[in-house]
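Hi,

Here is the structure I promised to pass on.

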Amino acid sequence: MFLIDNQSRLAVYEQIIAQAERFILTGILKSDEMMPSVRSLSLTLAINPNTIQKAYSDLERRGITYTVKGKGSFVSPSAAEILSRERLKELDRVRSLSHELAIAGIDKKLVYEAVDKGYSEKGDEQN
């Protein structure tokens with residue numbers, strides 16, 4: 001499920017966070033479902049358990065997951081809603097990028113096509 005790209009610019013714990021978020025948003029991880037244990041994920045990915053714990057702590061701090069003592073970490077019932085709200089804030093980046101593309105003379109039609117392609121790929125991830 002989780003994969004680490006050693007060539008990525010993102011730190012390993014950030015990759016874990018990003019993948020967990022994507023798994024939740026695409027329905028791979030569902031509400032109240034148990035996350036892989038720190039130990040098992042550490043063994044599977046051959047990375048330090050503290051790195052995974054750092055990622056899990058961030059997810060819990062933001063309300064994406066919750067911990068049950070002695071049982072592990074679980075996906076929060078409101079995780080998808082929280083992540084969707086966070087993504088909504090990205091619209092400012094889209095507006096800014098659109099402005100930069102317009103200044104550079106990029107045809108609006110190409111921008112629309114790129115957005116359409118991004119939305120069509122949403123369905124591909126759920127399969």
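Which residues have the most contacts inside the largest nonpolar core? They are F2, I16, I24, M35, Y56, L59 and I64, and the core has 20 residues. By nonpolar core I mean a set of buried Ala, Val, Leu, Ile, Met, Phe, Trp, Tyr and Cys residues joined through side-chain atoms within 4.5 Å. Two or more residues come from each of helix 1, helix 2 (38–45), helix 3 (49–61) and helix 4 (79–88). Helix 1 gives the most, with 5 residues. Helices here are DSSP runs (H or I, at least four residues), numbered from the N terminus.

Before you read on: this is a predicted model, where local features need pLDDT of at least 70 and side-chain atom pairs count only at pLDDT 80 or more, while totals for chains, interfaces and linings use all residues. Residues are numbered from 1 along each chain as its sequence is written, and side-chain values use heavy atoms, with hydrogens and water left out.

Back to L59, one of the core residues with the most contacts. If you skip neighbours within four places in sequence, L59 is in contact (heavy atoms within 4.5 Å) with I17, A20, E21, M35, I64 and T65.

Q15 sits in helix 1, which covers residues 12–25, and has a relative accessible area of 6%, so Q15 is buried. The cut-offs are under 20% relative accessible area for buried, over 50% for exposed, and partly exposed in between (1.4 Å probe, protein chains only).

S42 counts as buried because its relative accessibility is 10%. Its contacts, not counting residues up to four places away in sequence, are I47, N48, P49 and I52. From S42 to I52 is 10 residues in sequence and 7.0 Å in space, C-alpha to C-alpha.

Now for the backbone. Most residues other than glycine have a negative phi. D32, in the loop between helix 1 and helix 2, has a positive phi near 65°. With a relative accessible area of 42%, D32 is partly exposed. A46 also has a positive phi, near 55°, and belongs to the loop between helix 2 and helix 3. Here the relative accessibility is 66%, so A46 counts as exposed.

Cheers
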